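Hello,

Here is the structure I promised to pass on to you.

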Amino acid sequence: MTVAILGGAGYIGSHVVKYLQQQGVSLAVYDNLSQGHRELVQAPLTIGDLGDRECLRDFLIRYQISSVMNFAGLISVGESVRNPRLYYEHNLTQTLSMLDLLLELNIRDFVFSSSCAIYGSPQFLPMTEAHSFGPISPYGHTKLAIEQVLLDYAQAYDFNYVSLRYFNASGADPDNQIGECHQPETHLIPLILQSISQPDQPIQIYGTDYDTPDGTCIRDYIHVWDLAQAHYLALDYLRKHQGSSIFNLGNGTGYSVREVIQSVERVTGRQVPSQVGPRRPGDAPILIGSSAKARQELCWRPAFESLDTIIETAWAWHQRSLCLSARQESV
């Protein structure tokens with residue numbers, strides 16, 4: 001029983017790989033390394049595109065894959081607004097091709113890396129899985145489209161899936177071995193940490209006129225290690241149930257951009273340089289999720305719920321990654 005981790009060299013995927021290995025799960029990683037990093041993966045790695053059907057087929061057969069987790073895809077809301085074609089090709093078209101290959105090879109258990117972006121602007125808070133859909137970016141539209149495909153496939157074929165709708169993945173491996181290193185970086189917390197190290201590049205606050213207490217966007221931050229735990233539980237759910245389900249993954253608490261900056265200043269003891277800019281297209285004012293269903297049905301118990309704790313792990317990784325970069329440059 002071997003699990004394929006597609007996109008397993010990326011931020012979330014690499015943490016899931018490490019977590020599953022600690023639980024004794026046999027796995028193999030497939031990644032094209034366009035966004036991922038070889039050094040983050042301590043598992044068998046096959047380099048290939050999600051859309052390369054023959055390469056992917058060979059990988060799935062060679063490792064006798066029984067279940068698949070998919071983290072392969074593009075994740076920047078702003079980029080998706082500027083270049084929607086890229087997102088529909090990578091996130092939707094290639095995923096459809098991959099799903100058809102799974103059916104062909106009789107691989108019937110699938111865990112999907114989805115997003116709270118499918119909800120759009122909240123009609124109520126915290127947002128549950130029953131919240132209406134209204135994505136406001138091509139990125140969100142691609143995630144919602146895949147969820148609809150999964151629902152239809154599960155109804156028509158012998159196919160089971162769990163869709164995990166993340167809120168804002170944050171933090172780093174508690175052991176400080178792997179962490180977040182997107183190129184370019186788009187996530188708020190690592191960008192703030194970078195601004196501390198590079199004060200000539202202040203953090204950009206995109207919009208201060210939202211209908212929130214301090215005018216900046218509010219998000220629900222969930223530690224990446226807690227996400228990894230949820231993926232292991234989702235895999236267990238599929239093996240114990242003949243059916244599919246969806247789960248929100250969030251902490252149920254929202255923090256504004258300014259509150260995240262304040263938390264970073266508390267944790268690091270450094271002042272964060274910042275400047276205000278205009279709103280970004282595709283940004284919802286508030287996103288806070290209820291994970292009551294995941295807690296009840298998956299028995300999910302997040303261990304890193306405090307924002308300061310999340311930032312402490314991210315800061316430890318940021319300092320280590322700076323040291324690693326300095327060593328590499330000196331060689």
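Predicted model: local features only at pLDDT ≥ 70, side-chain atom pairs only at ≥ 80, totals over all residues.

Residues are numbered from 1 along each chain as its sequence is written, and side-chain values use heavy atoms, with hydrogens and water left out.

**The whole protein**

The protein has 10 helices and 13 strands (DSSP runs numbered from the N terminus, with helices being H or I of at least four residues and strands E of at least two). Its radius of gyration is 19 Å, close to the 20 Å that the globule rule gives for 331 residues, so the protein is as compact as a globular protein of that length (the radius is taken over C-alpha atoms, and the rule is 2.2 Å times the number of residues to the power 0.38). The C-alpha atoms fill a box of roughly 55 × 55 × 40 Å along the principal axes. Of the 331 residues, 54% are buried (under 20% relative accessible area; exposed is over 50%, and partly exposed lies in between, with a 1.4 Å probe and protein chains only). Among contacts with a separation of 6 or more, 77% are between residues 24 or more positions apart (contact means heavy atoms within 4.5 Å).

**Strand S1**

Five of the five residues of S1 (residues 2-6) are buried, so this strand is largely enclosed by the rest of the structure. Thr2, Ala4 and Leu6 point one way, Val3 and Ile5 the other. S1 pairs in the parallel sense with S2 (residues 26-31) over five bridges (pairing takes at least two DSSP bridges), and Ile5 stands opposite Val29 there. The chain gets from S1 to S2 through helix H1 (residues 11-22), in a right-handed β-α-β crossover (clockwise from the first strand over the helix to the second, with the strands pointing away from the viewer). S1 also pairs in the parallel sense with S4 (residues 65-70), over five bridges, with Ala4 opposite Val68.

**Strand S6**

S6 (residues 160-166) is mostly covered, with seven of its seven residues buried. Seven bridges join S6 to S5 (residues 109-115), and the two run parallel. The path from S5 to S6 goes through helix H5 (residues 138-156), and this β-α-β crossover is right-handed. S6 also pairs in the parallel sense with S10 (residues 245-249) over five bridges.

**Helix H6 and two residues**

In H6 (residues 188-197), seven of the 10 residues are buried, so the helix is largely enclosed by the rest of the structure; Ser195 is one of them.

His223 belongs to strand S9 (residues 218-223) and is buried at 0% relative accessible area. Its side chain reaches the backbone nitrogen of Trp225 at 2.9 Å. Beyond its neighbours within four places in sequence, His223 has contacts that include Ser170, Pro174 and Phe304.

Gly282 lies in the loop between S12 (274-277) and S13 (286-287) and counts as partly exposed at 22% relative accessibility. Leaving aside neighbours within four places in sequence, Gly282 is in contact with Val77, Ile136 and Ser137.

Best wishes

Definitions and conventions: Polar contact = N/O pair within 3.5 Å; in protein donor to acceptor, adjacent residues only side chain to side chain.
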